[in-house]
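I opened my notebook for a quick tour of this protein.

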Amino acid sequence: MDRIRDRRGFHGETLVLGLIGGTGSGKSSLLNAIAGEEIASVSALRPHTDRPLAWLPVNAAPSLVELLDRAAIFDRRVHDRFSDVALLDLPDIDSVALDHRRSVEGLLPEMDGVLWLLDPDK
């Protein structure tokens with residue numbers, strides 16, 4: 001984690017992970033399952049998530065808030081489950097909404113890592 005942060009220039013103490021995948025792969029559902037409550041909206045309509053949502057620690061460091069501001073992620077929910085982990089529920093990368101993929105690609109440099117969700121039917 002330190003090597004990633006040194007490379008990126010972000011030295012916050014919170015690990016920032018993005019939930020990435022195709023439309024309907026379960027990114028928002030996974031976030032809700034990890035949170036133990038509904039944090040992100042889910043729907044059978046595709047695509048559904050059209051902007052990033054950050055699930056960040058309640059005592060988030062100013063550097064994390066600055067990173068989210070810089071990345072224009074203003075939809076935020078706080079948690080007290082993990083003091084050093086923030087998850088980003090991201091739009092899909094494969095739908096008819098081309099701006100979704102561009103949005104995700106623009107955010108990749110801001111994250112420490114990704115959790116790539118795959119849909120076995122695709």
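Before noting any surface figure, I wrote down that accessible areas come from the Shrake-Rupley method with a 1.4 Å probe. The model is predicted, and I kept that in mind throughout.

**Entry 1: surface and fold**

I looked up the accessible surface of the protein and found about 7,000 Å², with 53% of it belonging to carbon and sulfur atoms. Of the 122 residues, 43% count as buried. I then went through the secondary structure and noted 4 helices and 5 strands. Along the sequence they follow the pattern α-β-α-β-α-β-β-α-β. For contacts between residues at least 6 apart in sequence, I found that 64% join residues at least 24 apart.

I turned to the largest pocket, which holds about 190 Å³ of space. It has 18 lining residues, and Gly24, Ser28, Arg46, His48 and Thr49 are the closest to its centre. Helix H2 (residues 27–35) gives the most to this lining, with 3 residues. Sorted by class, the lining has 4 nonpolar, 10 polar and 4 charged residues.

The second largest pocket has about 170 Å³ of space. Among the residues that line it I listed Ser28, His48, Thr49, Arg51, Asp75 and Arg77. By class, its lining divides into 3 nonpolar, 4 polar and 5 charged residues.

**Entry 2: salt bridges**

How many salt bridges does a search of the whole structure find? I got 4.

I started with Arg51 and Asp75, whose closest N and O atoms are 4.0 Å apart. Arg51 lies in the loop between H2 and strand E2 (53–57) and Asp75 in strand E3 (residues 75–79), so this pair ties together parts that are 24 residues apart in sequence.

Are these two partners buried or exposed? Arg51 counts as exposed because its relative accessibility is 51% and the cut-off is over 50%. Asp75 is at 18% and counts as buried, since buried means under 20%.

Asp75 also meets the side chain of Arg77 in a salt bridge, at 2.5 Å from N to O. Arg77 is partly exposed, with a relative accessible area of 34%.

Asp69 is partly exposed at 37% relative accessibility, and Arg76 is partly exposed at 25%.

Methods:
Residues are numbered from 1 along each chain as its sequence is written. This is a predicted model: local features need pLDDT of at least 70, side-chain atom pairs count only at pLDDT 80 or more; totals for chains, interfaces and linings use all residues. Side-chain values use heavy atoms; hydrogens and water are left out. Helices (H or I, at least four residues) and strands (E, at least two) are DSSP runs, numbered from the N terminus. Buried means under 20% relative accessible area, exposed over 50%, partly exposed in between (1.4 Å probe, protein chains only). Contact means heavy atoms within 4.5 Å. On a 1 Å grid over the protein atoms alone, a cavity is a set of points where a 1.4 Å probe fits but cannot get out, and a pocket is an open set with protein on both sides within 12 Å along at least five of seven lines; lining residues have an atom within 4 Å of a point. Grid points are joined across faces, edges and corners, and a volume is the space filled by probe spheres set on the points. Ala, Val, Leu, Ile, Met, Phe, Trp, Tyr, Cys and Pro count as nonpolar, Asp, Glu, Lys and Arg as charged, and the others, Gly among them, as polar.
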